[in-house]
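Colleague: Could you take me step by step through the annotated sites of this structure?

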Amino acid sequence: MVIGRSATRPTRAGWKTERSRRRSARAGARREGGRRDATSSTSAPTPTSGSGAVVEVTRAKDVRGVRDLEEQIEYVFDPTRGETGPVHLEGAIVPLGFPKGTYLRNGPNSKFGVGKEHYFDGDGMIHGITFLESGGVCYYNRWIETKGLAMENEAGRKLFRGILVNNGLEMLSGVLHNILFNDALSTNGTKDTTNTAVVCHGGRILALMEAQKPALMELKVTRDSVHVFRTKAKDFNFNGELGGNMCAHPKVDPHTGDMIFFSYNMTSEPHMVYTEVDRAGEVRHTMAVDGLSRGVMSHDMAITSTRAVLFDLPVEFSVANIARNEFPVQFQKEARARLGVVERGGSRDVEWFEVQRGGNVFHTVNAFDDERTGEVVLQAMRSEPERSGYIFNDYSPSYLHEWRLTPGTGRVEERRMCGLAGEFPCVNPNYVGRRAKFAYQVVDSLLGNLKQWTYPPIGVVYASFAKVALLDDEVAGISAGDVLDCYEAEEGLFLGEPQFVPRESAEEEDDGFVVTFATNAVEDRSYFLILDAKDLAAGPMSAIEVPQKVASGLHGTWIPL
């Protein structure tokens, strides 16, 4: 099998042409005296690139009704059917300079509930691949053994009802059923799926889902094999210091080793709790976040070297929604939107900034302190849903967006940086919280119906990676938001979240690899792909076939040995 570009997708020359067009437009804007077309928190958005040129936007191609493509999308979302491994992958090609370590990726993978629940209600499953000191490579996967899954395993059937449905009575009925018959009061009537992400910190591997406490995983690796990968503890709580749940996107400072995270509670105060954990894994600071008068869904956050950035965006909880027979958490397009800045290191104060309404953020790219201007700079993927309502069943493309916050003034400048629809962004992990030049993301490719799932009715799959500039570089002729490079997979091959892995002894920010699990819906094969971060368009340096299908998932992490 050859894994390369498809003739039916944009070529690298196409990207270069678009980049040249954008540069010309920016140059014209500069000649007219424009520094940056920043939008205030009260004005209507005017998508702009780095110097005022209008950003043309892309969307996933709508293939609803195209049977063969919809079947491919269905295949990607159809769960992995079992556990396997550790399996030694004989003949695996490992590029020169690729480090020893483990990649783990979490995601919903329903064992008993296909066709009966929302995809996001599925049981967490982690796929892992370890590059051993001996030079060998091992693959393995495990369901996360939560309390809920253990109950269903014993019964041999589905017991819990999914609740992510835009029907208030059905949702409420599911919550009550889970509490009365499945002992789910401690998880607010939901099943403890732990299905979203995974983080390694302080010698611990934690599987994460924001509505629950983490699961502690155990991984034992020797020089020539993986001996154990299992769930060690179902409800890890930092020796009793974790009062609530834990978000799915904690941030680890690569220089201090500290881990920063939050938890949120949509139904009661405090609606958000902020926590700092030292490099040894001990909680050193926790506080209730002041100034939050409503319960909101907050999925991600960001850090700089001195601060944390929190979200108060209008995905709101309201009992009135249930009375209207709707899901209680709905996007409110005209409601207030804010960013909160916390000084790291023990501060109990939060400075809130009003930002442009009408948008939502699921995933951040990075943040940093701009010493030249005194601003806190946040970069994230922002969507603008067309209407208020239940956002888990609609397609609302996300685009790279930047906010510049001036502490002590309430001043905000924000702009859309790039018009490439995508998600799952990452930077080199050594640059988290610092000024990074490059981001890597998936590109929205196909959108189609999901017939096997009750919810959601549609699914989006990704067949491209893009490398995007985060900063201007006048010497190189690069503007922030430029698409610098791309990889387009062959027909039928769909990509998971990109993860940046630094090369051994790397000296430059992009000296490393972009890795992911990928699934070929035509050939019924799955791979671990390794690409050169300096040359995505060249295609994978290595495509390591794994012994079973790796279904669509969410977030992963790289753990150096």
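Modeller: Before we begin, strands are DSSP runs of E with at least two residues, numbered from the N terminus. Please also keep in mind that this is a predicted model.

Colleague: Which residues does the UniProt annotation "binding site" cover?

Modeller: The annotation comes from an unreviewed UniProt entry. Although the residues it covers are spread over 307 residues of sequence, they cluster in space, with a largest C-alpha distance of 12.5 Å. The lining of the second largest cavity takes in one of the set, His299. The annotated residues are His249, His299, His363 and His555.

Colleague: Is His363 buried or exposed?

Modeller: His363 belongs to strand S20, which runs over residues 360-370. Its relative accessible area is 8%, and a residue counts as buried when this value is under 20%. Because 8% falls under that cut-off, His363 is buried.

Colleague: Where does His555 lie, and what is its relative accessible area?

Modeller: His555 sits in the loop between strand S32 (542-546) and strand S33 (556-560). Leaving aside neighbours within four places in sequence, it is in contact with several residues, among them His249, His299, His363 and Glu497. His555 is buried, because its relative accessible area is 4%.

How values were computed:
Residues numbered from 1 in each chain as written. Predicted model: local features only at pLDDT ≥ 70, side-chain atom pairs only at ≥ 80, totals over all residues. Heavy atoms only, no water. UniProt positions renumbered as here; feature names shortened; annotations may be inferred. 1 Å grid on protein atoms, 1.4 Å probe; cavity = no way out; pocket = protein on both sides within 12 Å on 5 of 7 lines; lining within 4 Å. Helix = DSSP H or I, 4+ residues; strand = E, 2+ residues; numbered from the N terminus. Buried < 20%, exposed > 50% of the residue type's maximum accessible area, 1.4 Å probe, protein only. Contact = heavy atoms within 4.5 Å.
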